[in-house]
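Please keep the sequence and the model in view while reading.

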Amino acid sequence: MTETTVRALGASAGPSRIVLGVTGGIAAYKSAILARLFVKAGHDVRIIPTDSALQMVGRTTFAALSSHPVHTSVFDDPEGVEHVRVGDEAELVVIAPATANTIAKLAHGVADNLLTTTTLVATCPILVVPAMHTQMWNHPGTQANVQTLRDRGVYVLDPAVGRLTGADSGVGRMPEPEQIAQTAFGMLIDQDLAGTRFVISAGGTREPIDPVRFLGNRSTGRFGIALALNAAQRGAKVDLVACNIDRALLPNHPRITVHPVGTARELQDAMTQKADGASVLIMTAAVADFRPAQSGGSKFKKGAGATPDITLIENPDILKGLASDRSHGALVVGFAAETGDEHGTVLDYGKKKAIAKDADLLVVNRVGETVGFGDVDTAITILDREGNPVAEDEGTKSHMAGIVLDTIATHVR
Ligand code: C5P
């Protein structure tokens with residue numbers, strides 16, 4: 001990610017008051033770059049270092065970057081009651097790097113310097129970016145403190161793996177400023193979906209033929225993942241039912257819980273189980289319409305003379321099931337990948353499917369050579385229950401995810 005992209009992302013969230021806490025890790029020098037990214041994106045940044053952080057980076061650097069005076073103690077500006085005002089007005093607190101010492105203090109409500117005191121006053125979202133030696137990170141004391149913070153709703157980034165201070169390397173390195181800025185900007189997004197719960201299926205099912213072979217499809221799960229991330233960034237809790245998705249693609253967000261499944265019937269069980277009490281159910285998964293009637297207990301062998309006979313039977317239509325039994329009370333959203341042909345356009349087929357599936361919204365995804373599958377742009381039209389278009393757009397999957405969520409948001413408010 002380039003600095004320009006990060007800046008554009010930050011700017012789209014609008015100017016906000018960010019408190020940047022810097023503690024005494026060697027990575028403190030990277031906080032100067034982080035402060036610059038925040039300022040360049042138009043935010044008002046107050047930098048609060050600890051005394052040890054000032055052993056690494058000078059007060060003047062932080063003051064010049066933020067255009068604000070830099071204090072470390074509540075006694076530096078007693079008339080201004082700085083910790084209360086700055087903490088109260090903050091829209092986001094980012095502590096990067098966060099040492100094991102400061103993490104322990106935050107977990108236990110210690111207020112012994114301006115940063116910890118300000119953080120105790122703040123009621124806004126808090127992002128903690130740990131950076132320390134591997135042994136300190138792995139210590140049960142640190143792990144318990146991190147868990148305490150996460151349970152309290154603080155967003156604690158996992159440290160990166162790589163070169164640490166000196167010759168060591170391992171887990172504990174502070175992620176790069178661009179990544180931290182991207183996470184921080186995500187946290188500034190309007191929380192219009194707070195209080196809702198989404199259940200989203202993504203990826204493609206695999207139906208076993210024998211213990212090693214399956215009937216599958218090319219779905220990567222990218223659209224469902226983009227929807228899950230967008231919903232979580234907007235405050236929703238998300239159950240992501242992931243059908244055979246590459247682990248490297250799975251999102252890492254504290255409000256997303258991933259439930260891995262394999263077959264259509266496993267997907268159906270997971271969706272039905274999670275549907276109760278959900279606000280929105282979204283079926284983006286590519287579900288196999290048929291499965292082998294029998295999936296033998298041992299591998300089919302060649303050379304036995306005859307080729308295996310595979311009888312297929314129909315899988316349940318999960319979306320239709322969720323749309324017909326409304327005891328869950330959730331909004332039901334389906335997806336349809338269409339190409340259009342000499343008998344009808346993409347929208348003709350989409351309309352027929354919208355009526356047949358009876359979902360509240362059907363997102364029709366035009367697939368073809370350059371749109372649709374994998375890491376490519378996509379073109380969508382969103383239809384209501386009667387098949388009337390309510391929104392359409394074309395672009396990247398994450399942009400399209402925003403459009404789909406905007407339409408859904410008007411239905412769940
Ligand atoms: O019928 P078609 O596969 O085109 O419909 C696509 C929509 O239906 C998607 O939302 C997909 O997740 C869902 N579906 C389903 N169960 C199936 C087949 C598709 O829920 N067996």
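**A guided reading of the model**

Just after helix 11, Gly 235 takes a positive phi of about 105°. The model in view is a predicted one, in which local features need pLDDT of at least 70 and side-chain atom pairs count only at pLDDT 80 or more, while totals for chains, interfaces and linings use all residues. Residues are numbered from 1 along each chain as its sequence is written, and side-chain values use heavy atoms, with hydrogens and water left out.

Helix 11 consists of 12 residues and reaches 16 Å from its first C-alpha to its last, close to the 16 Å expected at 1.5 Å a residue; the expected span is 1.5 Å times one less than the number of residues. Buried denotes a relative accessible area under 20%, exposed one over 50%, and partly exposed one in between, with a 1.4 Å probe and protein chains only. Among the buried residues of helix 11 are Phe 223, Ile 225, Leu 227 and Asn 230.

Helix 11 also takes part in a pocket. Helix 11 (222–233), strand 8 (197–203), helix 13 (318–324), strand 16 (331–338) and helix 14 (346–357) each supply at least two residues of the lining of the second largest pocket. On a 1 Å grid over the protein atoms alone, a pocket is an open set of points with protein on both sides within 12 Å along at least five of seven lines, whereas a cavity is a set where a 1.4 Å probe fits but cannot get out; lining residues have an atom within 4 Å of a point. Strand 16 gives the largest share of this pocket's lining, 4 residues. The lining comprises 35 residues, and those nearest the centre of the pocket are Thr 284, Ala 285, Ala 286, Val 287 and Phe 335. The space in this second largest pocket is about 880 Å³, a volume being the space filled by probe spheres set on the points, which are joined across faces, edges and corners.

The structure also holds 1 cavity of 30 Å³ or more. Its lining is formed by Arg 46, Ile 47, Ile 48, Pro 69, His 71, Glu 82 and Leu 114. Strand 2 (residues 44–49) gives the most to this lining, with 3 residues.

Some details of the backbone remain. Ser 67 has a positive phi near 60° although this residue is not a glycine. Ser 67 belongs to the loop between helix 4 (59–66) and helix 5 (82–89) and counts as exposed at 62% relative accessibility. Asp 358, likewise not a glycine, has a positive phi of about 65°. Asp 358 lies in the loop between helix 14 and strand 17 (361–366) and is partly exposed, with a relative accessible area of 32%. A cis peptide bond, with omega about -5°, joins Ala 96 and Pro 97; Pro 97 is found in strand 3 (residues 92–98).
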